[in-house]
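Dear colleague,

Please find below the structure that I am handing over to you. My notes on what was found in it follow directly after.

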Amino acid sequence: MKTAALITGAALLLSGSAAAQTAPTGVQVWGGLGTDAYILPTLSLGLSADVVRQPQMTVAVRGGASLTLLPLPDATGPVPVYSAEVLLRGNEPGMNLYGGPSIGNIAGLAWVLGGVAGVQGPLGQGNWGYFGEFKARYLLGVGEVVLLPGVNLGVTYRF
């Protein structure tokens with residue numbers, strides 16, 4: 001009985017100590033409209049989670065999926081693009097810059113590799129926010145390397 005009480009007390013002490021440290025707390029949903037490959041219309045949805053939070057900077061990982069419309073007669077619908085980014089972001093109360101490397105896959109057929117850079121800020125006092133970003137990624141695995149720039153504008157919701 002004494003052993004169980006000691007273990008419980010130690011666990012409570014350790015959990016209180018861990019909670020007092022700066023812990024990642026930010027999970028965000030990202031949704032927007034933009035372009036890919038210069039002018040192709042794109043609808044995107046992503047989810048990010050803070051993994052390191054320092055006083056001046058946060059490191060987050062974001063996974064996302066987008067649908068890009070191809071204006072080709074034999075295209076059967078939007079082309080899915082899956083991506084993952086590591087984002088470095090400032091921690092100011094208002095607008096912050098962010099950016100980082102990006103990797104993605106286009107419908108299981110080709111890879112994209114590059115980066116994103118943007119601005120993000122709150123919309124009022126609640127959990128909603130906005131973002132605007134520029135993407136510069138290279139298409140790999142289709143013979144020659146092709147630059148695919150694009151932009152995204154949208155909203156975020158932080159949990």
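In S5, which residue is the bridge partner of serine 83? The partner is glycine 104. Before going further, please note that this is a predicted model, in which local features need pLDDT of at least 70 and side-chain atom pairs count only at pLDDT 80 or more, whereas totals for chains, interfaces and linings use all residues. Residues are numbered from 1 along each chain as its sequence is written, and side-chain values use heavy atoms, with hydrogens and water left out.

Strand pairing

Strands here are DSSP runs of E, at least two residues long, numbered from the N terminus, and two of them pair if DSSP finds at least two bridges between them. Strand S3 (residues 57-68) and strand S4 (residues 79-90) run antiparallel and are joined by 12 bridges. Among these pairs, methionine 57 has glycine 90 in S4 as its partner. S4 is also joined to strand S5 (residues 96-106) by 7 bridges, again in an antiparallel arrangement, and a hairpin of 5 residues links S4 to S5.

Nonpolar cores

A nonpolar core is a set of buried Ala, Val, Leu, Ile, Met, Phe, Trp, Tyr and Cys residues joined through side-chain atoms within 4.5 Å, where buried means under 20% relative accessible area with a 1.4 Å probe, protein chains only. The largest such core has 7 residues: Val79, Val81, Ile106, Ala110, Val112, Leu139 and Leu148. S4 and strand S6 (110-122) each supply at least two residues of this core. Apart from it lies another core, of 5 residues, including Trp30, Leu87, Tyr98 and Phe131.

Pockets

A pocket is an open set of points on a 1 Å grid over the protein atoms alone, where a 1.4 Å probe fits and protein lies on both sides within 12 Å along at least five of seven lines; lining residues have an atom within 4 Å of a point. Volume is the space filled by probe spheres set on the points, which are joined across faces, edges and corners.

The largest pocket has a volume of about 360 Å³. Of its 18 lining residues, Pro93, Gly94, Gly121, Pro122 and Arg158 lie nearest its centre. The lining divides into 3 nonpolar, 11 polar and 4 charged residues.

The second largest pocket holds about 250 Å³ of space. It is lined by 15 residues, with Leu70, Val79, Ile106, Leu139 and Leu148 nearest its centre. This lining comprises 12 nonpolar, 1 polar and 2 charged residues. In both counts, Ala, Val, Leu, Ile, Met, Phe, Trp, Tyr, Cys and Pro are nonpolar, Asp, Glu, Lys and Arg are charged, and the others, Gly among them, are polar.

Yours sincerely

Key
Helices (H or I, at least four residues) and strands (E, at least two) are DSSP runs, numbered from the N terminus. Buried means under 20% relative accessible area, exposed over 50%, partly exposed in between (1.4 Å probe, protein chains only).
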